[in-house]
Amino acid sequence: MAGLSEAQVVQFRDQGYLTGIDLFNADEVADLNDGLDRLCALLNPGESTKEIREWHETSRWLYDYCMDKRILDCIENLLGDYYLWASNYFIKEPLTTETVAWHQDSYYWPLKPIKSATVWIACTDSDEDNGAMQVIPGSHKAGLLKHARMAETATDSVLHLECETGQFSEADAESLIIKAGQISIHDDKIVHGSPANTSARRRVALTARYSPTDVKCDLTVNPHFKTYMCRGADTYQHNPVGTIPTEAFGRLDRAHLSVEEAGEEAETHLTR
Ligand SMILES: O=C(O)CCC(=O)C(=O)O
């Protein structure tokens with residue numbers, strides 16, 4: 001059967017995530033890593049892989065992975081009529097200190113209503129030693145939590161809006177141990193993060209973010225927001241529509257504007 005089973009949909013609604021879904025074969029995993037190398041070759045001196053954000057707007061190779069039919073079937077079961085609007089890489093090099101602090105994606109995004117989902121594509125195996133993503137099951141039901149804005153120098157996290165302590169228990173965390181070629185899917189309200197990579201192995205994930213068509217972006221926070229329809233019809237027409245790229249590998253030169261980057265004022269736009 002294409003897409004998710006009924007039991008998986010129920011589990012996603014209840015727990016806020018799904019993991020270990022087999023999706024890409026070994027040839028595709030090799031292509032995912034080769035393609036990433038080609039994207040990295042487009043980075044300017046001094047730029048990190050974090051700059052590869054929304055390059056599905058300029059790289060047909062990446063666009064095609066974000067629009068993979070097997071992924072879209074799964075997300076259709078969760079979101080109905082929906083669009084793609086973001087992609088980025090979370091790469092942890094061997095023996096590095098960078099973490100991802102506990103956060104809710106919805107705190108970072110100027111999107112209303114809050115009901116988006118992320119597909120996390122494992123380009124390498126990911127486990128507790130190389131900094132697997134961790135989730136707090138069921139935490140998506142608690143609404144938007146308080147986040148503190150951290151100075152870059154005060155945290156090892158690559159994200160700087162961190163869930164304040166005392167709102168959930170870290171003891172409940174589940175590590176998403178996942179094989180290259182598998183995907184996990186998470187709700188935009190689930191509390192998640194990841195520790196440092198203490199192993200000699202690289203950890204690479206590609207994420208793609210999707211929202212139902214009734215979700216509107218606040219363009220005063222992110223004027224660059226572009227949508228690409230995945231399934232169904234956009235009867236709401238709330239958001240700007242992107243142009244499908246023709247070049248296989250191309251970089252995107254523009255500022256990134258999540259709530260983190262747009263500044264404190266942008267946090268006042270969020271629905272609590
Ligand atoms: O890959 C990670 O460790 C974190 C990913 C994440 O925060 C996300 O996909 O929203």
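## Contacts and overall fold

In the protein chain, 84% of the contacts with a separation of 6 or more join residues 24 or more positions apart, a contact meaning that the C-beta atoms of two residues, placed from the backbone, lie within 7 Å. This is a predicted model, in which local features need pLDDT of at least 70 and side-chain atom pairs count only at pLDDT 80 or more, while totals for chains, interfaces and linings use all residues. Residues are numbered from 1 along each chain as its sequence is written.

The chain comes to seven helices and 14 strands, taken as DSSP runs (helices H or I, at least four residues; strands E, at least two) and numbered from the N terminus. Its C-alpha trace spans about 45 × 45 × 40 Å along the principal axes.

Of the 272 residues, 42% count as buried, that is, with 20 or more other C-beta atoms within 10 Å of their own. Beyond its neighbours within four places in sequence, Ile121 contacts Ile183, Ala205 and Leu206.

## Ligand surroundings

Phe90, Val100, Asp105, Thr118, Trp120, Met133, His192, Ser194, Ala205 and Thr207 surround the ligand, each with its C-beta atom, placed from the backbone, within 6 Å of it. Two or more of these residues come from each of strands E5 (117-122), E11 (192-194) and E12 (203-212).

Terms used
Buried ≥ 20, exposed ≤ 12 C-beta atoms within 10 Å, placed from the backbone.
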